[in-house]
Amino acid sequence: MKKLMVALCAVALLAMSACKKESPTVDNPSGGNGNGNGQPEQPEQPEQIDGEGIFCPAQKIETIAVDGQTNETWMWVSDKLTAIYQHTADGNMVEYSTFEYNGQRVTSMMSAMENVPYDVFYSYSGDKLSRVRAYSGMIQVVNIDFGHEGTDGNINHLDINVNNALIGWFAQFLGGGWPLQVVKDGAQKFSIDTTTFAADLTWQGDNVAQMVVAGTVAGSVTLGEIRQIIDIDSLAGLYAGVVAALSDDLELPFQVVMNDTMSYSYDGRHNPYHGFLGQLDPTALSASNVTTVSNNRGANITIMVPVPYLGDVPFTIPFPTASATRSYTYTYNSAGYPVTVTDDQGNVTQYSYLQQ
């Protein structure tokens with residue numbers, strides 16, 4: 001179940017892209033408003049070959065193999081990706097994701113993980129992505145609204161509304177070891193009142209150069225649960241004696257402020273995922289293949305502790321989070337599309353393409 005929710009959040013946050021725009025064609029001028037049950041109401045429009053939500057690579061992935069073992073087959077009909085099949089250990093192929101379209105533009109993705117189905121719906125304003133909603137059954141997991149640079153620019157801002165009950169999974173996706181997840185794993189009275197997340201993208205040419213995700217979560221937790229992750233008694237300074245005397249059962253308001261800055265470099269070759277709405281990586285927005293990804297994460301947790309005669313005193317403690325850089329090397333076919341990609345751990349992914 002945990003992997004499902006991580007995937008839902010990741011798909012909704014990152015499954016957004018466009019082929020390189022050649023002409024100002026407009027599709028779905030209504031903006032794709034929903035009908036109240038998660039399914040966008042969108043009139044049929046003439047097919048087009050440009051705009052956000054259109055996956056139109058010159059070379060289409062047919063199979064993906066990892067370390068020599070084929071694990072995905074992509075099915076295409078009339079230049080549209082209609083389904084992705086996963087290969088099981090016993091040699092069978094299982095339908096993993098399916099896609100529905102309005103003309104050439106994708107409107108929904110239906111998939112499953114750990115035998116639990118989920119749905120992602122995409123809404124547009126003109127030829128720009130305006131909203132993504134992800135559902136597991138009747139539960140809305142994520143709602144994201146998109147902003148763009150000017151009238152015809154790239155996506156540059158996301159406002160992210162995550163279901164509070166799933167914030168731990170979302171936090172794990174954003175970096176793992178995030179303080180809320182550590183607290184939540186053993187908490188009995190942990191609760192979340194409000195969440196605010198946003199992401200800003202910086203572009204260099206046709207590629208995303210940087211993405212900055214910032215979030216604030218407010219709620220309540222017991223002092224004992226805080227003591228599981230922070231030695232607050234020794235960090236309380238002049239108030240150490242007062243804090244040490246407080247009961248583990250005391251419920252305290254808290255606020256966590258976190259950020260994750262991801263910087264990217266590219267190879268200048270063709271990215272076969274450019275425009276793919278199922279890619280769990282912001283580099284699917286980019287025209288080229290990523291060669292390095294650097295993460296710089298940080299978080300602060302603030303707890304309001306009652307002190308006699310002074311009232312609630314805030315204690316803000318930096319929370320250590322992991323930062324890392326990952327690198328990738330490629331081989332290419334004659335058209336400049338990757339045939340293999342090798343990560344810095346030695347894992348090799350191989351692509352084959354449809355013969356056209």
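Which strand does Glu-52 lie in? In this predicted model, Glu-52 sits in strand β2, which covers residues 51-52. Leu-285 is 233 residues away from Glu-52 along the chain, yet the two C-alpha atoms are separated by 9.6 Å.

Zooming out, the chain has six helices and 19 strands. Of its 356 residues, 48% count as buried. Among contacts between residues at least 6 apart in sequence, 57% join residues at least 24 apart.

On to the charged pairs. Side chains of opposite charge can pair when their charged atoms come close. The structure holds four salt bridges, one of them between Asp-145 and Arg-131, at 2.6 Å from N to O. Asp-145 belongs to strand β10 and Arg-131 to strand β9, so this pair ties together parts 14 residues apart in sequence. Asp-145 is partly exposed at 27%, and Arg-131 is partly exposed at 35%.

Another salt bridge links Asp-248 to Arg-227, with the closest N and O atoms 2.4 Å apart. Here a loop between α6 and β14 carries Asp-248 while helix α4 carries Arg-227, so the parts tied together are 21 residues apart in sequence.

Asp-260 and Arg-297 also meet in a salt bridge, at 3.0 Å from N to O. With Asp-260 in strand β14 and Arg-297 in strand β15, the pair ties together parts that are 37 residues apart in sequence. Asp-260 is buried, at 2% relative accessibility, whereas Arg-297 is partly exposed at 22%.

How values were computed. Residues are numbered from 1 along each chain as its sequence is written. This is a predicted model: local features need pLDDT of at least 70, side-chain atom pairs count only at pLDDT 80 or more; totals for chains, interfaces and linings use all residues. Side-chain values use heavy atoms; hydrogens and water are left out. Helices (H or I, at least four residues) and strands (E, at least two) are DSSP runs, numbered from the N terminus. Buried means under 20% relative accessible area, exposed over 50%, partly exposed in between (1.4 Å probe, protein chains only). Contact means heavy atoms within 4.5 Å. A salt bridge is a side-chain nitrogen of Lys or Arg within 4 Å of a carboxyl oxygen of Asp or Glu.
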